[in-house]
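Here is a brief report on one protein model.

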Amino acid sequence: MLHVTIPNMPETLTYSVLASLGLDLVIALVLAARGDWLGVILVLSIAGIGYWFICRQLVAVVGAGGVAAASGIMLFFCALTEFAAGNPYHGLLLLIGALVLGFVFVLLQQGAAPMELRVGGMVVVGAPGRAAQLRMLQELRDAGILTEDEFAAKQALLGL
């Protein structure tokens, strides 16, 4: 009988991310051959962010602050590339975007909750309610990411 092994979730995630990183490197080489240095920096920074958030740990819980910081750093390096390439207007727009993301990062580090943002009547960004936080903690516990003691500590910290 044929024995088929199906990879578990962390293995599947690892294979997918490694394939993505390999593809990013190929795309960066093609862009470098064409002389598109902004594209090279964008693709390599996306690969770096993927490595930073996913490959260093099999399970990564990424907060909004981390995403804002990584995106701001990426935009800053893109702005430097545009300034060096002689495109000051593009560089200025990218630099403004990096500054806005830096401001968002500082707000999130100070514990500021995002305001609710609705698009077409649907809530896109909103502060999670207690029920959503409890459900998220239960899912993390059920997945084996949180132990029972950590679950109880987080529950007490949130006042649930």
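## Nonpolar surface patch

I73, F76, F77, L80, F83, L92, L93, I96, V100 and V104 make up a nonpolar patch on the surface, with about 910 Å² of accessible area together. Patch members have over 30% relative accessible area and no salt bridge; like charges are joined within 9 Å, nonpolar side chains (Val, Leu, Ile, Met, Phe, Trp, Tyr) within 5 Å. A salt bridge is a side-chain nitrogen of Lys or Arg within 4 Å of a carboxyl oxygen of Asp or Glu. Areas come from the Shrake-Rupley method with a 1.4 Å probe; for residues, only the protein chains shown count as cover.

Helices α3 (64-84) and α4 (88-109) each supply at least two residues of the patch. Helices (H or I, at least four residues) and strands (E, at least two) are DSSP runs, numbered from the N terminus. V100 sits in α4. V100 counts as partly exposed because its relative accessibility is 47%. The classes are buried under 20% relative accessible area, exposed over 50%, and partly exposed in between (1.4 Å probe, protein chains only).

## Basis of the model

This is a predicted model: local features need pLDDT of at least 70, side-chain atom pairs count only at pLDDT 80 or more, and totals for chains, interfaces and linings use all residues. Residues are numbered from 1 along each chain as its sequence is written, and side-chain values use heavy atoms, leaving out hydrogens and water.

## Aromatic rings

The count comes to one aromatic pair. F76 and F77 form this edge-to-face pair, 5.9 Å centre to centre with 65° between the planes. Rings of Phe, Tyr and Trp (its six-membered ring) pair if their centres lie within 6.5 Å; planes under 30 degrees apart are stacked, over 60 edge-to-face, the rest tilted. F76 is partly exposed at 36%, and F77 is partly exposed at 46%.

R141 places its charged end over the ring of F151, 4.3 Å from the centre. The rule asks for NZ of Lys or CZ of Arg within 6 Å of the ring centre and within 35 degrees of the ring normal.

T81 lies in helix α3. T81 is buried, at 13% relative accessibility. Not counting residues up to four places away in sequence, T81 touches W37, L38 and I41. Contact means heavy atoms within 4.5 Å.

## Whole chain

The protein chain has six helices and two strands, in the order α-α-α-α-β-β-α-α. Of its 160 residues, 17% count as buried. The chain exposes about 11400 Å², and carbon and sulfur atoms supply 69% of that area. Among contacts with a separation of 6 or more, 41% join residues 24 or more positions apart.
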